[in-house]
Amino acid sequence: MEQIHAIGRRKSSVARVYLTEGTGKIVINKVELEKYFPSAILQYVVKQPLALLEVEGKYDIKANLDGGGFTGQSQALRMAIARALVKINAEDKKALKKEGFLTRDSREVERKKPGQPKARRHFQFSKR
């Protein structure tokens, strides 16, 4: 099997994933998964598509993550891994789509407007 390439995005994060057959090693920006995402919850999020298809020890994953925060990066990585798994076996698409791993979450931060403290919050109105 050759190298499979896929891209995932969330908020301002972009994840580029290279999937090859191997022992289940996940390397992100040349750092092990456990060091890059110390939180067990974020590690779980990244491994969700692999656990769903029961292929956790079958593939080595090399990922480049860019932009955003740790939550957005972990969800972008999850999407990229799911897309790469679909490229390997198209029959897995239905299960991954049902769990929502292939759907791009397009919510972005709303910009702050002038004359307001936040995007929607207004300064307190005083008539007198």
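Trainee: In which hand does H2 pass H3?

Mentor: Handedness is read from how the near helix is turned relative to the far one: clockwise by less than a right angle is right-handed. In this predicted model, the crossing of H2 past H3 is right-handed.

Trainee: At what angle do helix H2 and helix H3 pack, and how far apart are their axes?

Mentor: H2 spans residues 40-53 and H3 spans residues 70-88. They pack at about 15°, with axes 8 Å apart. Angles under 35 degrees count as roughly parallel. H2 and H3 are therefore roughly parallel to each other.

Trainee: Which residues make the contact?

Mentor: From H2, they include Leu 42, Val 45, Val 46 and Leu 53. H3 brings, among them, Phe 70, Leu 77, Ile 81 and Leu 85. By class, the H2 contact with H3 has eleven nonpolar, four polar and one charged residues.

Trainee: Now the sheet. In what order do the five strands lie?

Mentor: Strands of a sheet pair through backbone hydrogen bonds, parallel or antiparallel. Here the order is S1-S2-S5-S3-S4. The sheet is open and its pairing is mixed.

Trainee: Which strands are at the edges?

Mentor: S1 (4-10) and S4 (31-32). Each pairs on one side only.

Trainee: In what sense do S3 and S4 pair?

Mentor: Antiparallel, over two bridges, with S3 covering residues 26-28. Val 27 stands opposite Glu 32 in S4.

Trainee: Which strands does H3 lie across?

Mentor: S1, S2 (13-21), S3 and S5 (59-66). H3 runs at about 145° to S1.

Notes: Residues numbered from 1 in each chain as written. Predicted model: local features only at pLDDT ≥ 70, side-chain atom pairs only at ≥ 80, totals over all residues. Heavy atoms only, no water. Axes fitted to C-alpha atoms, helices over the stretch in contact; angles between N-to-C directions. Helix = DSSP H or I, 4+ residues; strand = E, 2+ residues; numbered from the N terminus. Parallel < 35°, antiparallel > 145°, perpendicular 65-115°, else oblique. Contact = heavy atoms within 4.5 Å. Nonpolar A, V, L, I, M, F, W, Y, C, P; charged D, E, K, R; others polar. Pairing = 2+ DSSP bridges.
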